[in-house]
Amino acid sequence: MNVPKTGYRVFSANSTAACTELAKKITERLGVELGKSVVYQESNRETRIDVKESVRGQTIFIIQTIPRDVNTAVMELLVMAYALKTSCAKNIIGVIPYFPYSKQCKMRKRGSIVCKLLASMLAKAGLTHIITMDLHQKEIQGFFSFPVDNLRASPFLLQYIQEEIPDYRNAIIVAKSPSAAKRAQSYAERLRLGLAVLHGEAHCSESDMADGRHSPPCVRNTIGHPGLELPCKQQAPFPGIELPIMMAKEKPPITVVGDVGGRIAIIVDDIVDDVEEFVAAAQILKERGAYKIYIMATHGLLSADAPRLIEESAIDEVVVTNTVPHEVQKLQCPKIKTVDVSMILAEAIRRIHNGESMAYLFRNITVDD
């Protein structure tokens with residue numbers, strides 16, 4: 001029972017039933033009841049929270065899964081945290097299996113690092129600690145002014161490969177781009193399998209755009225002196241200075257580095273959202289002789305037409321964890337399979353509440369997972 005003598009409460013900040021499934025599984029493993037609260041949207045779409053029990057002096061864990069309506073989920077978490085803070089909760093710990101806006105963690109052109117903004121908002125709302133899983137970039141932990149436990153899903157996905165993929169010894173781990181090679185290498189080394197990397201023009205790496213602020217558009221220099229014009233006709237910053245011509249990046253035709261012929265290809269990544277790249281990768285692997293193709297990832301966002309594209313593609317199976325609710329997508333595409341990670345999240349909550357070390361949860365985990 002979730003009674004005062006336990007010293008902690010577990011709440012869900014989601015207003016939709018589908019998003020509370022993970023919270024229910026976690027509380028079942030902990031042997032406590034989900035905290036009593038009401039989370040709903042007003043007619044004008046404002047978020048309203050009503051906590052139905054005392055939390056004074058308690059340690060509170062807020063479990064928040066992120067559905068397609070990301071901004072509503074973020075507001076629910078912020079309002080819930082602030083409501084608990086003003087109700088005199090001792091500690092407020094967010095359990096956010098998939099951290100939203102994690103792809104926006106680098107400066108691009110004149111954009112902003114939204115992930116840093118969200119970290120500051122969570123701290124201001126009253127959170128004192130976060131438990132998450134497989135951040136898109138591990139450096140995101142540096143955005144926070146409080147502790148962050150970044151758990152890993154790789155042990156569960158590795159177990160799935162060993163138990164559910166027949167003849168997995170004949171498999172090869174595939175990175176769909178050079179930027180994903182470290183994660184793929186970590187999987188390959190622990191499974192004692194080979195490694196292949198896809199490289200070419202069909203795969204635009206995220207790092208290609210993460211080069212800081214770009215220059216303003218070139219402006220033709222209509223008044224000036226000969227020899228002072230840049231190749232792009234932009235006015236030179238100082239008279240007499242000519243910047244060297246930068247060669248544009250040109251990727252070679254798509255190639256597979258590694259032999260996948262007659263093998264099971266297992267593509268590993270952290271997020272499956274828009275699946276066009278995975279579909280293209282699967283087609284190339286099929287053409288190179290792979291006879292089965294699996295996608296393994298932690299977070300199955302599966303946005304837009306992802307279920308239909310997967311169903312019509314050469315992909316045999318997409319395996320993701322339940323950090324993000326995707327039951328509707330599973331109904332649309334039977335190729336999508338789910339691995340439950342509620343066990344490790346419940347154990348993390350138990351250890352933090354009891355003041356135990358978290359090292360046990362990171363046994364045999366490499367930095368590249």
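Strand β13, spanning residues 317–321, pairs with β14 in the parallel sense, and 4 bridges hold the count for this pairing. One of the residues involved is Thr 321, whose bridge partner in β14 is Val 339. The model discussed here is a predicted one.

These two strands belong to an open sheet of 7 strands, in the order β10-β9-β8-β11-β12-β13-β14, with mixed pairing. At the edges stand β10 (255–257) and β14 (336–339); each has a single partner strand, so one side of each is left without a neighbour in the sheet. On average, neighbouring strands here are turned by 25° against each other, direction ignored.

Two helices lie across this sheet. Helix α4, made of residues 154–164, lies across β11 (264–272), β12 (292–300), β13 and β14. Its run relative to β12 comes out at about 155°. Helix α5 (residues 181–191) lies across β8 (171–175), β9 (194–199) and β11, and runs at about 165° to β8.

Two packed helices are described by the angle between their axes and the distance between the axes. For α1 (residues 21–30) and α9 (residues 342–354), the angle is about 55° and the axes are 9 Å apart. The two helices are therefore oblique to each other, and α1 passes α9 in a right-handed crossing. On the α1 side, the contact is made by Leu 22, Lys 25, Ile 26, Arg 29 and Leu 30. Helix α9 brings in Ser 342, Met 343, Leu 345, Ala 346, Ile 349 and Arg 350. Sorted by class, that gives 7 nonpolar, 1 polar and 3 charged residues.

Ser 102 sits in the loop between β5 (91–96) and α3 (114–125). With a relative accessibility of 2%, Ser 102 counts as buried, because the cut-off for that label is under 20%. Leaving aside residues up to four places away in sequence, Ser 102 touches Cys 115, His 136, Ile 140 and Ile 271.

As for the chain as a whole, it has 9 helices and 14 strands. Buried residues account for 48% of its 369 residues. Among contacts in the chain with a separation of 6 or more, 67% come from residues 24 or more positions apart.

Methods. Residues are numbered from 1 along each chain as its sequence is written. This is a predicted model: local features need pLDDT of at least 70, side-chain atom pairs count only at pLDDT 80 or more; totals for chains, interfaces and linings use all residues. Side-chain values use heavy atoms; hydrogens and water are left out. Two strands pair if DSSP finds at least two bridges between them. Axes are lines fitted to C-alpha atoms, for helices over the stretch in contact, and angles run from 0 to 180 degrees between N-to-C directions. Contact means heavy atoms within 4.5 Å. Angles under 35 degrees count as roughly parallel, over 145 as roughly antiparallel, 65 to 115 as roughly perpendicular and the rest as oblique. A crossing is left-handed if the near helix is turned anticlockwise from the far one by less than a right angle, and right-handed if clockwise. Ala, Val, Leu, Ile, Met, Phe, Trp, Tyr, Cys and Pro count as nonpolar, Asp, Glu, Lys and Arg as charged, and the others, Gly among them, as polar. Buried means under 20% relative accessible area, exposed over 50%, partly exposed in between (1.4 Å probe, protein chains only).
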